[in-house]
Amino acid sequence: MELSIRNVRKEFDRFPALEDVSLDIRSGELIALLGPSGSGKTTLLRLIAGLDFPTSGAILFGDEDASRKSVQERNVGFVFQHYALFRNMTVGENIGFGLKVRPAATRPATADIRRRAMELLDLVQLAGLENRYPNQLSGGQRQRVALARALAIEPRVLLLDEPFGALDAQVRRELRRWLREIHDRTGHTTVFVTHDQEEALELADRVVVMSQGRVEQVGSADEVYDRPNSPFVYSFIGESSGLPVRVENGELWLEDRPIGLKAADAPGGRATLHFRPQDVELLDGCGGCIAGTVSSSRRVAGTRRIELEIGPEHHRVEIEVPIDHAAAQKSRVAFRPTRWAVFPASA
Amino acid sequence: MARIRFRQPSILPGFGLTFGFTIFYLSLIVLIPILGLFVKTFELDWASFERIVTGPRFLAALRLSFGASLLAALFNVVIGTLIAWVLVRYRFFARRFVDAIIDLPFALPTAVAGIALTSLYVPQGWFGRLFAPYGITIAYTPVGIWIALVFIGLPFVVRTVQPVLEDFNREVEEAAATLGAPRRTTIARVILPPLLPAILTGFSLSFARAVGEYGSVIFIAGNIPRQTEILPLLIVFRLEEREYAAAAAIATVMLLVSFLILLAVNLIQTWSTRRFGHV
């Protein structure tokens with residue numbers, strides 16, 4: 001099922017939670033909505049589900065406008081962060097619930113509901129637990145049951161709201177891989193919300209980066225990581241440093257010196273240079289480079305991170321150097337970013 | 001071999017002192033008076049005990065007391081749960097005021113409540129007047145007694161259901177909705193079952209209070225022998241006649257019947273708590 005979100009705006013008590021969001025999701029895609037808390041990602045997910053209604057704009061399921069349809073009519077599978085299982089029902093009853101509550105005309109026979117529940121339990125690797133109650137299961141098991149319950153109704157789209165947010169790191173990684181497998185096997189169009197960029201980049205076909213009720217960038221993991229289109233995405237995804245610079249005649253200037261980077265397209269004036277710690281080359285002499293005083297140095301896994309203070313304003317940036325590189329012992333280091341972006345300074 | 005121990009090991013000190021005080025206090029306030037009740041009852045020989053507890057006046061009062069209390073508690077369960085729902089789920093003007101009104105039956109001296117209800121429901125009263133043309137009298141009938149018992153029992157149900165409903169996770173309802181369940185199904189199969197233990201507790205409290213109620217009932221009951229006499233009133237009569245053993249016998253029977261009913265409710269509750277998890 002293709003999903004199309006057109007110019008959706010949502011206000012809560014006149015406070016805009018989403019501003020003019022448009023997004024197209026292809027059939028069978030696994031999409032991550034990624035952003036800090038308050039970015040509107042959960043609101044967007046709830047609008048798709050029909051748990052809330054947009055102030056303006058439309059949500060299309062295929063060619064059909066679903067905006068005014070009730071949540072019951074939309075036939076979506078929704079998985080909540082805190083599982084939201086029915087604690088008065090067994091695991092089997094939980095999974096069969098969506099089929100059991102259908103009107104008599106479309107309700108499968110009791111035996112068929114049971115069989116379907118067993119199949120799904122197999123799929124989520126919990127065979128044999130159908131008679132347990134939710135409070136007899138671990139967090140990871142509960143979330144699997146919640147997913148099986150959502151899949152039982154053959155949803156047109158599968159929506160997951162921070163599905164692994166309440167689980168510990170190890171279970172999280174395991175379930176992440178497993179969700180990808182389930183998605184590949186069942187082929188549901190899936191949208192999940194997360195604030196964990198590692199989760200989003202690893203799991204999703206495309207990542208939707210959101211901030212303050214807007215979509216900042218939509219793209220594959222490579223695109224949003226390697227070619228961020230805004231200062232927000234640059235700093236939110238992966239690690240990066242920002243350094244205030246000046247653009248003059250297509251060249252970047254730091255204080256009174258050019259730093260050897262050409263930005264032909266950038267408009268003149270004040271701007272911010274963004275680069276990632278690993279995308280730098282160390283230089284010996286400084287004929288067009290960035291130089292700074294080492295303020296601290298720490299070991300990070302297979303490399304060493306050096307924090308530099310640059311210029312009279314002591315702007316801090318971080319660069320990565322090989323473990324045994326001499327630069328770590330020096331008090332002054334010169335470098336030049338190899339991959340970078342420059343964005344005009346706002347205001 | 002596991003040895004059955006009186007006390008589970010605990011690092012919390014002071015068990016001896018606090019447990020001792022608990023037993024001492026319960027004995028002083030609850031156990032010894034009740035024991036006295038039984039002792040007093042045994043002053044009667046079997047024949048006179050039998051005469052008292054099988055007399056038609058006693059049996060009529062027994063039926064009325066427990067019947068009206070059960071009906072009042074059942075009614076309060078329905079209305080009390082509804083009121084708790086309204087107070088928890090909706091935000092409206094003067095919600096806190098309404099919330100405070102619920103406790104009035106707790107605070108009002110019961111005699112005052114009884115007189116107020118009586119003056120409303122006598123055939124000339126504001127409410128009685130509406131029913132009088134149809135030949136329905138409320139005051140001085142079992143219906144009047146039931147109304148008084150509904151009045152005093154209401155806060156128990158509201159106050160036990162309200163906090164449980166407040167803790168109820170909204171996502172669970174939303175989950176039911178995304179699975180296609182109509183609202184009515186969600187309420188019946190998803191919301192009510194976990195509320196059941198709290199509702200039963202409210203029922204027990206409301207019922208126990210109604211059985212023992214005296215002040216508000218005697219005014220509206222009219223106290224017609226074999227028709228609108230409640231058991232506590234019979235006890236008062238016996239006391240006025242200085243027949244203390246007979247009063248104790250009536251009280252003992254009341255106590256036993258109440259105990260059996262509350263035991264039954266508790267068993268249902270244990271079953272539902274085990275089934276639906278702790279609330």
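Two residues are in contact here if their C-beta atoms, placed from the backbone, lie within 7 Å. By that criterion, and leaving aside neighbours within four places in sequence, Val208(A) is in contact with Leu23(A), Ile31(A), Ala32(A), Leu33(A), Leu34(A), Val215(A) and Val218(A). The model is predicted, so that local features need pLDDT of at least 70 and side-chain atom pairs count only at pLDDT 80 or more, while totals for chains, interfaces and linings use all residues. Residues are numbered from 1 along each chain as its sequence is written, and chains are lettered from A in the order in which they are written.

**Nonpolar cores**

- A nonpolar core is a set of buried Ala, Val, Leu, Ile, Met, Phe, Trp, Tyr and Cys residues joined through C-beta atoms within 7 Å, where buried means that 20 or more other C-beta atoms lie within 10 Å of the residue's own.
- In the largest such core, of 104 residues, the members touching the most others are Ala32(A), Leu159(A) and Val208(A).
- Helix 5 (residues 139-152) of chain A provides the largest share of this core, 7 residues.
- Because domain 1 (3-233) and domain 2 (239-344) of chain A both give residues to this core, it lies between them; the domain bounds come from an automatic or database assignment.

**Sheet in chain A**

- Strand 11 (residues 241-248) is joined to strand 14 (residues 269-275) by 7 bridges.

Note on methods. Two strands pair if DSSP finds at least two bridges between them. Helices (H or I, at least four residues) and strands (E, at least two) are DSSP runs, numbered from the N terminus. A residue is buried if 20 or more other C-beta atoms lie within 10 Å of its own, exposed if 12 or fewer, and partly exposed in between; C-beta atoms are placed from the backbone.
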